[in-house]
Amino acid sequence: MKPYKFEPYLKTTIWGGYRIAPFKGIYTAQPNIGESWEISGVPGHESVAVERGLINDIDVGLNLTQLIEKYKGLLVGEKVYRKYGGKFPLLVKFIDSRQDLSVQVHPDDKLAMERHGCAGKTEMWYVIKSDVGAKIYAGLKESITPEDYERMATAEPVGGRSPMQDVIATHEAHQGDLFFLPAGRLHAIGAGNFLAEIQQTSDITYRVYDFGRKDAHGNPRELHIAEAKDAIDYQVWPEYRTSYDSTKPTSQLINCPYFNVNRVVVQVAAEIDFKVDSFVVVVCLWGEANINGVRVRRGETLLVPACENVLYIFGNATFLTATM
């Protein structure tokens, strides 16, 4: 089985920018593209397979759920299929923030299942490009109680600034920065960041503060202050930026119960076996290469089936890879 390519779902947002289409090498008149969903099993937005350059590619036009139903463990891995069935467990995106995104938090599995009947949301960000002075907001910089949070989140802004902005840790963003965001961690992407996001398949978000913005109809966007109170991790951590060894051809970025992510740099050729019973998602950040017989270039994402998940790479490129 050859790797799959999918049609991206381009999402217009009020904070979206202009970097995604040029990065992916596509042309569209769609404005303010904030997100490109590269691989998605989210109901209603399942990724659809596109032409891979193969003769008689019978899977073109099938969506990801249909592909899993057809191939089961051959596609996603026997272990993954036993655990998740026909649901693809990861959502992979590019995000372009022309404005600050809302301060938000995601529930963990337990709370999300109790409230919404679905998985929670742990995620990670890899900064592809950032403007000078761009910020990432992640975690608490000082200890607060749930009661403190509720008081600050409901307080009237002073000079256009919410008290919540004073307790969230602020980080200068740079190309190659990595942020791990376990469920419960308050966070926001600051204006001027272009990044790759890998997360659990969940679209549950609690907005805490949205900088007073209004939607297309002139109404303030909905906040979820009460819902977020029980979801927030109130612990203060010494560091929120995740370090890794960028000098290695293959660097482990994240190893958590929901996904394992590596950064891979190939200059001519490489053979990589992650030795897992899992699919491999390959996100091309730079360059161009042939992976297991399928061409991939900057801005494209591949799904490598579990039954053929040793990567044979020829080219000059940088990737993120994700397995379960």
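A cavity is taken here as a set of points, on a 1 Å grid over the protein atoms alone, where a 1.4 Å probe fits but cannot get out, and its lining residues are those with an atom within 4 Å of a point. The structure is a predicted model, in which local features need pLDDT of at least 70 and side-chain atom pairs count only at pLDDT 80 or more, whereas totals for chains, interfaces and linings use all residues. Residues are numbered from 1 along each chain as its sequence is written, and side-chain values use heavy atoms, with hydrogens and water left out.

**Cavity**

A search of the whole structure finds one cavity of 30 Å³ or more. The largest cavity has a volume of about 40 Å³, a volume being the space filled by probe spheres set on grid points that are joined across faces, edges and corners. Its lining consists of Gly139, Leu140, Gly184, Arg185, Leu186, Asp233, Gln235, Trp237 and Tyr240. By class, the lining residues of the largest cavity are four nonpolar, three polar and two charged; Ala, Val, Leu, Ile, Met, Phe, Trp, Tyr, Cys and Pro count as nonpolar, Asp, Glu, Lys and Arg as charged, and the others, Gly among them, as polar.

**Salt bridges**

The whole structure holds 18 salt bridges, each defined by a side-chain nitrogen of Lys or Arg within 4 Å of a carboxyl oxygen of Asp or Glu. The table lists some of them.

| Pair | N to O distance |
|---|---|
| Lys5 and Glu300 | 3.2 Å |
| Asp131 and Arg19 | 2.4 Å |
| Arg295 and Glu288 | 3.1 Å |

The side chains of Lys5 and Glu300 form one of these salt bridges. Lys5 belongs to strand S1 (residues 4–6) and Glu300 to the loop between strand S18 (294–297) and strand S19 (301–304), so the pair ties together parts that are 295 residues apart in sequence. Strands (E, at least two residues) and helices (H or I, at least four) are DSSP runs numbered from the N terminus. Both Lys5 and Glu300 are buried, that is, under 20% relative accessible area with a 1.4 Å probe and protein chains only, exposed being over 50% and partly exposed in between. A network of salt bridges links Lys5, Arg297 and Glu300.

Asp131 is in a salt bridge with Arg19. This pair links distant parts of the chain, 112 residues apart: Asp131 lies in the loop between strand S7 (123–130) and strand S8 (135–140), and Arg19 in the loop between strand S2 (9–17) and helix H1 (20–24). Asp131 is partly exposed at 33% relative accessible area, while Arg19, at 13%, is buried.

In the salt bridge of Arg295 with Glu288, Arg295 is partly exposed at 42% relative accessibility, and Glu288 is partly exposed at 42%.

Conventions. On a 1 Å grid over the protein atoms alone, a cavity is a set of points where a 1.4 Å probe fits but cannot get out, and a pocket is an open set with protein on both sides within 12 Å along at least five of seven lines; lining residues have an atom within 4 Å of a point.
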